[in-house]
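Have the sequence and the 3D view open, and turn the view as you read.

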There are 2 protein chains.
Amino acid sequence: MSRRAVQSRIARTAEALFVAKGFEETTVDEIAAAVGMSQRSFFRYFASKDEVVLDSVERLGEELSARLQARPPGESVWDSLRRAFDPVVERLADPAVRERDRVLHEIVSASPRLLAAYLGRLDLLQRSLSELLVERAGQSGVEPDAVVVRAIVGGAFACLQAASLHCGTDPEVFGPCLDRTMEALRPVAA
Amino acid sequence: MSRRAVQSRIARTAEALFVAKGFEETTVDEIAAAVGMSQRSFFRYFASKDEVVLDSVERLGEELSARLQARPPGESVWDSLRRAFDPVVERLADPAVRERDRVLHEIVSASPRLLAAYLGRLDLLQRSLSELLVERAGQSGVEPDAVVVRAIVGGAFACLQAASLHCGTDPEVFGPCLDRTMEALRPVAA
DNA sequence: CCGGAAAGTGTCAGTGACTGTCAATCATTG
DNA sequence: CAATGATTGACAGTCACTGACACTTTCCGG
């Protein structure tokens with residue numbers, strides 16, 4: 001069985017336990033036992049208990065990064081970001097994905113420590129996307145203002161975060177919600 | 001000696017160790033020994049090792065909250081937030097404060113775990129400021145859009161974060177830097 | 001001045017996340 | 001079949017953090 005497959009088996013088992021008992025209340029020993037492996041082996045597949053939940057954020061990051069790089073260089077930073085977010089919205093069309101997102105969201109927001117770790121990941125992602133955009137702007141001839149680019153990326157993620165907090169996982173609601181916030185915060189010229 | 005005084009003695013001792021050895025590499029036992037108390041007593045003054053560093057964020061939050069509430073109700077959300085940030089900029093005029101901020105920033109950004117905890121605190125702060133602003137808007141008669149308000153607050157903090165990351169602690173640089181980002185992200189109507 | 005509550009502290013034992021090490025096993029390849 | 005490299009379990013250890021209990025200090029009404 002491939003590494004990836006084992007990881008997803010662990011993740012599915014762990015998430016069920018997290019929903020049932022809560023994140024902090026579930027021990028790694030319990031997860032390992034439920035999967036049928038030693039605690040030591042659990043840590044060979046995930047660097048920490050947090051990783052089990054935040055793993056999906058990592059993959060989202062990779063997709064966002066790829067999408068952003070695929071946008072036309074002439075497009076404004078704001079529009080490129082909005083378009084890069086498209087798959088986040090579209091993913092929710094699948095009920096199975098929606099349910100999983102809901103579960104993950106529930107687990108993360110119920111534990112301050114996990115929520116913090118989640119925000120840490122998003123910050124890392126914002127950094128790398130900012131670098132990418134600064135580089136792209138540099139190639140297009142214009143001299144980019146790194147600080148402003150970073151702030152804009154942060155603003156776009158703030159919209160994403162606000163929409164995902166206040167609106168549900170229904171794509172019919174979430175999409176317009178994201179559009180509304182991003183229209184409100186659209187930078188004057190960037 | 002007052003509780004506050006003991007806390008600040010612990011904090012100063014701990015920060016010196018963190019700078020010298022790194023956050024993760026410094027154990028609570030070492031901090032307690034350096035201060036001259038038992039590990040158990042350390043945890044009577046700080047709920048966790050993180051708290052020692054993030055305590056100052058808490059106080060910043062209280063000040064921000066108070067400043068925001070003191071702004072005139074008619075003022076736009078964006079301008080109110082910018083004005084609430086004023087003391088953050090002004091504090092940097094004092095070289096001693098500036099040095100301490102630099103040290104704290106160094107410690108926090110050197111440890112992913114601490115950085116995550118820091119972002120968690122900022123998120124909590126954004127939530128409470130958003131509630132405050134939604135309530136204020138409601139009292140002024142206009143029906144506020146909670147999601148948009150939340151996004152705007154997030155955007156403002158993104159500017160603050162970007163400025164504090166890319167510009168140093170020199171108020172002559174930091175202030176204009178913050179203004180530049182906040183002008184770029186200013187919402188069209190809020 | 002006294003007796004007793006309240007607050008602060010040390011000690012000890014325990015839990016749970018995580019790490020290093022080592023030996024056994026399993027699969028691959030020559 | 002044998003050498004080799006990857007995967008694993010078992011075990012011991014570190015460190016953050018918690019609960020329980022006993023001890024001392026402080027403080028306050030009588």
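This is a predicted model: local features need pLDDT of at least 70, side-chain atom pairs count only at pLDDT 80 or more; totals for chains, interfaces and linings use all residues.

Let's begin with chain A on its own. Its secondary structure comes to 10 helices and 0 strands. Taken along the principal axes, the C-alpha atoms of chain A fill a box of roughly 55 × 30 × 30 Å.

Now pick out two of those helices. Helix α1 of chain A covers residues 3–21, and helix α7 of chain A covers residues 95–110. They pack with their axes 10 Å apart, at an angle of about 55 degrees. Because angles of 65 to 115 degrees count as roughly perpendicular and those under 35 as roughly parallel, this angle makes α1(A) oblique to α7(A). As for its hand, the crossing of α1(A) and α7(A) is left-handed. Which residues do the meeting between α1(A) and α7(A)? On the α1(A) side they are Glu15(A), Phe18(A) and Val19(A), and in α7(A) they meet Val103(A), Glu106(A) and Ile107(A). Sorted by class, this contact of α1(A) with α7(A) has 4 nonpolar and 2 charged residues, with no polar ones.

Next, bring in the second chain. The contact between the two takes 32 residues from chain A and 32 residues from chain B. On the side of chain A that touches chain B, the elements giving two or more residues are α8 (112–139), α9 (146–166) and α10 (171–185) of chain A. Of these, α9(A) provides the largest share, 15 residues. The residues on this side of chain A divide into 22 nonpolar, 6 polar and 4 charged.

How are the two chains related? In general, two copies of a chain are related by a rotation about an axis and a shift along it. Here, a rotation of 180 degrees with 0.0 Å of shift along its axis superposes chain A on chain B, with an RMSD of 0.1 Å. That is the relation of a two-fold axis. To find where the axis passes, look for Gly155(A): of the residues of chain A, its C-alpha comes closest to the rotation axis, at 2.1 Å. Also, 100% of the interface residues of chain A are interface residues in chain B too, so the copies meet through the same surface.

By class, the surface near DNA strand C divides into 4 nonpolar, 4 polar and 6 charged residues.

Around DNA strand D there are 13 residues, with Ser38(A), Ser41(A), Thr27(B), Ser48(B) and Lys49(B) coming nearest. This time the elements giving two or more residues are α3 of chain A along with α2 (28–35) and α3 of chain B. The largest share of the surface near DNA strand D comes from α3(A), with 3 residues. This surface has 4 nonpolar, 4 polar and 5 charged residues.

Methods
Residues are numbered from 1 along each chain as its sequence is written. Chains are lettered from A and ligands numbered from 1 in the order in which they are written. Axes are lines fitted to C-alpha atoms, for helices over the stretch in contact, and angles run from 0 to 180 degrees between N-to-C directions. Helices (H or I, at least four residues) and strands (E, at least two) are DSSP runs, numbered from the N terminus. Angles under 35 degrees count as roughly parallel, over 145 as roughly antiparallel, 65 to 115 as roughly perpendicular and the rest as oblique. A crossing is left-handed if the near helix is turned anticlockwise from the far one by less than a right angle, and right-handed if clockwise. Two residues are in contact if their C-beta atoms, placed from the backbone, lie within 7 Å. Ala, Val, Leu, Ile, Met, Phe, Trp, Tyr, Cys and Pro count as nonpolar, Asp, Glu, Lys and Arg as charged, and the others, Gly among them, as polar. Copies are superposed by least squares on the C-alpha atoms of residues with pLDDT of at least 70 in both. A residue is near a molecule or strand if its C-beta atom, placed from the backbone, lies within 6 Å of it.
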